[in-house]
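Below is a briefing on one protein chain, grouped by topic. Please look over the sequence and the model first.

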Amino acid sequence: MEHCFSDVQVLWASRFDYQNDWSLRVHAHDHYYQIIHFLEGSAQVQVGKRVVKAQGNLLMFLPPGEMHGILQVYSEKLCTLDIKFTITNPTLANACNVIPVLSLPSGDTLSHIMQSILQQGVLKPPLYQSMCSVQMGMLLIELIRNFQTHSSDPIIKQNVDIPIERVHHPLVRDVLRYLDSRSLDVLCSEDLEAVFSVSYRYLSQLFKQALGCTPIAYAQKSRIETAKTLLISTNATIKQISEKLGYADIHQFTKSFCKLVGLPPARWREQELNFICKDVNIDPDFSNQYFLETGSSFPK
């Protein structure tokens, strides 16, 4: 039952904190794809024959055979989230040709999906390989839709399998865009009623039909996903993150985080950081090859 979905197979995932004296030798992978998402910091990278400056939120989509490397880390450290995978469906592989090698995706959703894949690999719950395949497929489809339509504001949902046809209601899409643009604000039902001139009850009915949750529940989940990104990609304290996300105090933040994640934020961060620079094999038969060149010791 571990391979219920075979169009995409995730092989490996990892979170890396490149130190200032590290680099990644220019290389290519012959048989699989790789996505590298730059979360924090800046560096000089090479893709093909191009040399560019990479910084926070840059996404590198690397098909088999694409030469790439990190030539120099400019910042104190460079935080990345990496996934290696294969595509067995020729139609999907062909559709991925519209995805540019370098892009700046809007919002945090792609990062959230990649983090969820990494967490599946760490915890290895039942059917984790199939869940990773489904989530990777969602990520690829959202990238394809984004660049096929040239939209700068794709509607992307994480952690739920939502039939596309169920989010076509224009009011739901407008509310989603609004909530995503106000992800650091504390919103209530009255705020949404004032902005959209409809009752919150009506909005909730539309949301439940499309997403299975209310607008406020969606907003709370999005804030927690943003908190998870901040916890693993910055050195901010729990208090600083709770304040940034608009919580009244650290206790309210911890309660909300525990309710949705199942762990306090400090413990969740510790668990996640234990896997920085560590192989997380989704496919147990995959053997990762490192091309790192380090001036300082590499954690084993």
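The side chains of His27 and His29 make a polar contact at 3.5 Å; a polar contact is a pair of N or O atoms within 3.5 Å, where within protein one must be able to donate a hydrogen and the other to accept it, and residues adjacent in sequence count only if both atoms are side-chain atoms. The model is a predicted one, in which local features need pLDDT of at least 70 and side-chain atom pairs count only at pLDDT 80 or more, while totals for chains, interfaces and linings use all residues. Residues are numbered from 1 along each chain as its sequence is written, and side-chain values use heavy atoms, with hydrogens and water left out.

**Confidence**

- The chain has a mean pLDDT of 84 (the predictor's confidence in each residue, from 0 to 100), and 89% of its residues reach 70 or more.
- Residues 151–167 have a pLDDT below 50, yet this stretch has 43 contacts in the model beyond near neighbours in sequence; contact means heavy atoms within 4.5 Å.
- Where pLDDT is low, predicted coordinates should not be read in detail.

- His27 is part of strand E2, residues 22–27; helices (H or I, at least four residues) and strands (E, at least two) are DSSP runs, numbered from the N terminus.
- His27 counts as buried because its relative accessibility is 5%; buried means under 20% relative accessible area, exposed over 50% and partly exposed in between, with a 1.4 Å probe and protein chains only.
- Leaving aside neighbours within four places in sequence, His27 is in contact with Glu66, Met67, His68 and Phe291.

**Nonpolar cores**

- The largest nonpolar core has 32 residues, and Ile35, Phe85, Met136 and Leu140 have the most contacts inside it. Such a core is a set of buried Ala, Val, Leu, Ile, Met, Phe, Trp, Tyr and Cys residues joined through side-chain atoms within 4.5 Å.
- At least two residues of this core come from each of strands E1 (8–19), E3 (33–40), E6 (59–62) and E8 (77–87) and helices H1 (90–95), H2 (109–123) and H3 (128–149).
- H3 gives the largest share of this core, seven residues.
- Another core, of 25 residues, lies apart from it and includes Trp12, Val45, Ala54 and Phe286.
- Not counting residues up to four places away in sequence, Ile35 touches Leu59, Met60, Phe61, Leu81, Asp82, Ile83, Phe85, Met114, Met136, Leu139 and Leu143.

**The six-stranded sheet**

- The open sheet has six strands in the order E9-E6-E3-E8-E1-E10, with antiparallel pairing. Two strands pair if DSSP finds at least two bridges between them.
- E9 and E10 (280–281) are the edge strands, each pairing on one side only.
- E3 and E8 are antiparallel and share seven bridges, with His37 opposite Leu81 in E8.
- E3 and E6 also run antiparallel, joined by four bridges; here His37 stands opposite Leu59 in E6.
- E6 pairs with E9 (residues 102–103) in the antiparallel sense over two bridges, and Leu59 stands opposite Ser103 in E9.
- In a regular strand the side chains alternate between the two faces of the sheet.
- E6 is covered on both faces: Leu59 and Phe61 on one side and Met60 and Leu62 on the other are all buried.

- E4 (residues 42–47) and E5 (residues 50–55) pair in the antiparallel sense over six bridges.
- Gln46 has Val51 in E5 as its bridge partner.
- Two residues lie between the strands of this hairpin, where Gly48 takes a positive phi near 65°.

**Helix H10**

- H10 (residues 265–273) has Pro265, Trp268, Arg269 and Glu272 as its buried residues.
- Seen down the axis, these buried residues fall within an arc of 100°, so they line one face of H10; the arc is that of the directions from the helix axis to the C-beta atoms.
- The buried residues of H10 pack against H2, H7 (215–233), H8 (238–244) and H9 (250–261).
- Exposed residues Arg267 and Glu270 are carried on the face of H10 turned away from its buried side.

- Leu127, not a glycine, has a positive phi of about 60°. Leu127 sits in the loop between H2 and H3 and is partly exposed, with a relative accessible area of 35%.
- Ser197, not a glycine, has a positive phi of about 55°. Ser197 is in the loop between H5 (189–196) and H6 (200–211) and is exposed, with a relative accessible area of 65%.
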